[in-house]
Amino acid sequence: MLREITLGQYYQADSVIHRLDPRVKLGTTVLFIISLFVFDGIWGYAVAALFLALVIKLSKVPFRFMIKGMRSIVFLLSITVIFNLFLTPGEPLVQIWKFGITKEGLRLAVLLAIRLGFLIIGSSVMTLTTTPNQLTDGLEKMLKPLNRIKVPVHEIAMMMSIALRFIPILMEETDKIMKAQLARCADFESGNLIRKAKSLVPLLVPLFISAFRRANDLAMAMEARCYRGGEHRTKMKPLHYAGRDYIAYIIVVCYLVGGIAAGKLIPVLLSNILA
Amino acid sequence: MGMGLIKVKDLIYEYIRRDEEGNVEGITTAVDDVSLDINQGDFVAVLGHNGSGKSTLAKHLNAILYPTEGTVWVDGKDTKDEKSVWDIRQTAGMVFQNPDNQIIGQIVEEDVGFGPENMGVPTKEIWERVEESLKAVGMYQFRKFSPNKLSGGQKQRVSIAGVIAMHPKCIVLDEPTAMLDPKGRKEVIRAVRALNDVERITVILITHYMEEVIYADKVYVMDKGKVTLQGTPREVFSEVDRLKELRLDVPQVTLLAHELEKEGFPMPKGVLTNQEFLEALDQCISEVG
């Protein structure tokens, strides 16, 4: 039951996007998200859609696989859209009982659906094409300047990668404890929400105790292998930009400029032609 | 000859037991006046029952614990000296009991590279060290695997490779086989013996399995924090009755030879292997006629 949960899902494939430096992918994702809020008008979003489609095509991750991971978020997305649709004041279009759909509401709802949808697909392209390890490495290197204001960047990255390493181990342990408690007639399934929550106590307490014990052992093992934080540390797999990474950066800048220009210029051009 | 690689003099280590409010309940002396002298290239085994203080002793050799009284020198450096802590940890590498709780990397090769990374070894050399260490324990073909997909014995061999990659003079193994099945135990002991024979790395093996110590150059038996018996495996295993008193299991052939001797057959003391036993038995039969 617990095995089925996949965290930081990675889709193994051999594509340009997979081979890009994780810093490029992280940076692009952040810029893409910002662009969704900077662009306005239908033409800006057309450019964003084009860009996203291109990246997905290049990544060789099947679109269906991508959508499958999004199902759980559709519910959240539709709630936000519905609220915006009905609760925005303005020029009324349709009236259903006490609730009216306004022109502004419709515009806002569509905009929000596009923004959130693109945001989720965009960031899932990143997690699908980057291993958790590369991701933490990339984050560490990107956030290194924050070291100067005393943010323990290396330590945070190390914690993330250790957490990732221990997820399957703790899952297995949870499974084992669960079976042990079931064998002693523990009941995890029946009853209302409060009873169910209460029944988790005999599961969580031993799990926490064992997690702390593991953490203690691991800290000792790390120190025994001369771990003393990020200073003076070398990397077995250091990150180096290759030619394709610079090209990717140029493409992203082109995309940003193109998107903003399209949003501003195309409507003007169109109105000139029509007039 | 000067000082050995590891020298322990009059070591005493006390745990302070506290109750829930933090008041001192009592003091347990985990290691009580132990002295050892270990030379470069030795294979030393420390035997003892649970709570005999053998693990506490092991943790002193890697500067994880510091002596309450007495001194521990590793390669001529006092472990109490804070400046040499990292040198000591590099000289005397340590392998622990639970394979899951000492593997840090998400891929085998990354875990083996962890120690050299910490020491600031250049990238190219890290790769060389990782390759040679994984080959030394016979795990090279698994270098791209996730540690979660390996058996216990394989995980322990990866842990050993992780220590060798730091180029230590000595490795301390704190009950490395306690959580393994018999097959995994054999794998690990074979790898450890190869390191000692081929690479001449000093090995200090802490264990409670008697079969694992018969290849050692010297055996120390601990009980209640003290070293109660020491010598070559043959000398130690000659004291079958004493070992039984300490609740340690003697290897079956040793026990059988001992029982035969007690019944009046002319068997030698401290028979260690099946081969030796057979030879001794042949001799015995021809003598008795």
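Me: Why are α2(A) and α7(A) called roughly perpendicular to each other?
Reply: In this predicted model, where local features need pLDDT of at least 70, side-chain atom pairs count only at pLDDT 80 or more and totals for chains, interfaces and linings use all residues, the axes of α2 (residues 22-38) and α7 (residues 132-142) of chain A cross at roughly 75 degrees and come within 8 Å. Angles of 65 to 115 degrees count as roughly perpendicular, under 35 as roughly parallel, over 145 as roughly antiparallel and the rest as oblique; α2(A) and α7(A) are therefore roughly perpendicular. Residues are numbered from 1 along each chain as its sequence is written, with chains lettered from A and ligands numbered from 1 in the order in which they are written.

Me: What makes Pro22(A), Arg23(A) and Leu26(A) part of a meeting with α7(A)?
Reply: Contact requires C-beta atoms, placed from the backbone, within 7 Å. These three residues of α2(A) meet residues of α7(A), including Gln134(A), Leu135(A) and Met142(A). The residues of this contact divide into five nonpolar, two polar and three charged.

Me: Which residues have the most contacts inside the largest nonpolar core?
Reply: They are Val46(B), Ala161(B), Val172(B), Val203(B) and Ile204(B), in a core of 88 residues. The core draws at least three residues from each of domain 1 (40-62 + 79-240) and domain 2 (251-289) of chain B. Neighbours within four places in sequence aside, Val203(B) is in contact with Phe43(B), Val44(B), Ile171(B), Val192(B), Leu195(B) and Asn196(B).

Me: How many residues does each chain give to the contact between chains A and B?
Reply: Chain A gives 25 residues and chain B gives 28. On the side of chain A, α10(A) gives the most, with eight residues.

Conventions:
Axes are lines fitted to C-alpha atoms, for helices over the stretch in contact, and angles run from 0 to 180 degrees between N-to-C directions. Helices (H or I, at least four residues) and strands (E, at least two) are DSSP runs, numbered from the N terminus. Two residues are in contact if their C-beta atoms, placed from the backbone, lie within 7 Å. Ala, Val, Leu, Ile, Met, Phe, Trp, Tyr, Cys and Pro count as nonpolar, Asp, Glu, Lys and Arg as charged, and the others, Gly among them, as polar. A nonpolar core is a set of buried Ala, Val, Leu, Ile, Met, Phe, Trp, Tyr and Cys residues joined through C-beta atoms within 7 Å. A residue is buried if 20 or more other C-beta atoms lie within 10 Å of its own, exposed if 12 or fewer, and partly exposed in between; C-beta atoms are placed from the backbone. Domain bounds come from an automatic or database domain assignment.
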